[in-house]
Amino acid sequence: MEKYELKYFVPQTRIEALRRSLMPFVELDEHARRTGGEYTVNSIYYDTPSYDAYHEKLAGLKHRQKLRIRGYGTSDADQLVYLEIKRKSDMLISKSRAAVPYEQVDEFLRTATLESTASNGNGSNRANAEAFLYHVRRRGMRPVALVRYQRQAF
């Protein structure tokens, strides 16, 4: 998946007016419709011991990547979470991700054993999970930040 991302700061006092002006032109995405308009996004970001990803972001490097584990909603044992490698190449964003049952993430990170990757998503799911683990181990990455927010997606 490749896309362009543009992000803007909007003062909190103007958010409701912005939503009202956009509503005639957009629809809630499928996840937001299922949950009544908003849903929780939980992301655990990984970085190296010297915080290479953080420093690359601060330096404004045009080519960089970040690793995260992302989940939506609650942390039920059978819920899927996603091992993601998000790449930025100038203004183009691409992401590879592997869907993994929440209850199997710790075991996979410890042992590289993942029983159900073949059944989750497309055929590249196992390869994406292995790529995630490869970067974590090769670069000595570890969890460094938890980001949790409510999303209203269109």
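Close-up 1. Since K62 belongs to the loop between α3 (52-59) and β3 (63-72), and D90 to the loop between β4 (80-89) and β5 (92-101), the pair ties together parts that are 28 residues apart in sequence. D90, for its part, is partly exposed, with a relative accessible area of 37%.

**Close-up 2. The salt bridge between R68 and E84.** Here the side chains of R68 and E84 meet in a salt bridge with an N to O distance of 2.5 Å. R68 is a residue of strand β3 and E84 a residue of strand β4, so that this pair ties together parts that are 16 residues apart in sequence. R68 is buried, at 3% relative accessibility, and E84 is buried as well, with a relative accessible area of 0%; both assignments follow because buried means under 20% relative accessible area.

**Close-up 3. The salt bridge between E5 and K7, and the network to which they belong.** Salt bridges that share partners join K3, E5, K7 and K86 into one network. E5 counts as partly exposed, at 23% relative accessibility, whereas K7 is exposed, with a relative accessible area of 67%. For the protein, the count of salt bridges comes to 10.

Close-up 4. N128 is found in helix α5, which runs over residues 125-138, and counts as buried at 16% relative accessibility. A polar atom of the N128 side chain lies 3.0 Å from the backbone oxygen of R97.

Close-up 5. A nonpolar patch on the surface is formed by Y4, L6, Y8, V10, L18, L22 and M91, which together have about 740 Å² of accessible area. One of these residues, Y8, is found in the loop between β1 (2-4) and α1, and at 65% relative accessibility Y8 counts as exposed.

**Close-up 6. M23 in the loop between α1 and α2.** M23 lies in the loop that separates α1 (15-22) from α2 (30-34), and is partly exposed, with a relative accessible area of 39%. From C-alpha to C-alpha, M23 and Q65 are 33 Å apart in space, and the two are 42 residues apart in sequence.

**Close-up 7. Predicted confidence, with residues 117-121.** The mean pLDDT of the protein is 88, and 92% of its residues reach 70 or more. Over residues 117-121, however, pLDDT stays under 50, and for these residues the model has 8 contacts beyond four places in sequence. Where pLDDT is low, the predicted coordinates should not be read in detail.

Notes:
Residues are numbered from 1 along each chain as its sequence is written. This is a predicted model: local features need pLDDT of at least 70, side-chain atom pairs count only at pLDDT 80 or more; totals for chains, interfaces and linings use all residues. Side-chain values use heavy atoms; hydrogens and water are left out. Helices (H or I, at least four residues) and strands (E, at least two) are DSSP runs, numbered from the N terminus. Buried means under 20% relative accessible area, exposed over 50%, partly exposed in between (1.4 Å probe, protein chains only). A polar contact is a pair of N or O atoms within 3.5 Å; within protein, one must be able to donate a hydrogen and the other to accept it, and residues adjacent in sequence count only if both atoms are side-chain atoms. Patches are made of residues with over 30% relative accessible area and no salt bridge: like charges are joined within 9 Å, nonpolar side chains (Val, Leu, Ile, Met, Phe, Trp, Tyr) within 5 Å. Accessible areas come from the Shrake-Rupley method with a 1.4 Å probe; for residues, only the protein chains shown count as cover. A salt bridge is a side-chain nitrogen of Lys or Arg within 4 Å of a carboxyl oxygen of Asp or Glu. pLDDT is the predictor's confidence in each residue, from 0 to 100. Contact means heavy atoms within 4.5 Å.
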